[in-house]
Amino acid sequence: GVYEIADGDIIKTGYTAVVVNNNEMIEKSNIIVIGDGNGDGVVNGKDLIRLKKQLLNCDAVEHAEYVDYNGDGVINNDDVSYIASMI
């Protein structure tokens, strides 16, 4: 469904925001909450633990575009440190 964003609404990773003027779509954007490695819309210890485990196990990092803070294309401890500073 379509609804207007009100004060206090939580916009999560994976949502799509659409700007409409006179019933005409002007802009459409996918929402990414930086640091939200598990896509639940909240940056917290769960994201930090998940990313750290993935790095320690040399696993592919899911949702890498959400946790690559410096945009260098590499997920590493610099990104982990940034998440830690956010929570």
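Biologist: Is asparagine 22 buried or exposed?

Modeller: In this predicted model, local features need a pLDDT of at least 70 and side-chain atom pairs count only at pLDDT 80 or more, whereas totals for chains, interfaces and linings use all residues. Residues are numbered from 1 along each chain as its sequence is written, and side-chain values use heavy atoms, with hydrogens and water left out. Asparagine 22 sits in the loop between β1 (16-21) and β2, strands being DSSP runs of E with at least two residues and helices runs of H or I with at least four, numbered from the N terminus. Taking buried as under 20% relative accessible area, exposed as over 50% and partly exposed as in between (1.4 Å probe, protein chains only), asparagine 22, with a relative accessible area of 71%, is exposed.

Biologist: What is the phi of asparagine 23, which is not a glycine?

Modeller: Asparagine 23 also belongs to the loop between β1 and β2, and with a relative accessible area of 79% it is exposed. Although asparagine 23 is not a glycine, its phi is positive, at about 60 degrees.

Biologist: How far apart in space are glycine 37 and valine 67, C-alpha to C-alpha?

Modeller: Glycine 37 is placed in the loop between β2 (24-30) and α1 (45-56), where its relative accessible area of 7% makes it buried. Glycine 37 and valine 67 are 30 residues apart in sequence, yet the distance in space between their C-alpha atoms is 6.2 Å.

Biologist: In which order do the elements of the protein run from the N terminus on, and what is its radius of gyration?

Modeller: The protein has three helices and two strands, and from the N terminus on the order is β-β-α-α-α.

Biologist: Where in the protein is confidence lowest?

Modeller: The pLDDT, which is the predictor's confidence in each residue from 0 to 100, averages 79 over the protein, and 91% of the residues score at least 70. Confidence is highest in β2, at a mean of 85, while the lowest mean, 75, belongs to residues 64-67, helix α2.
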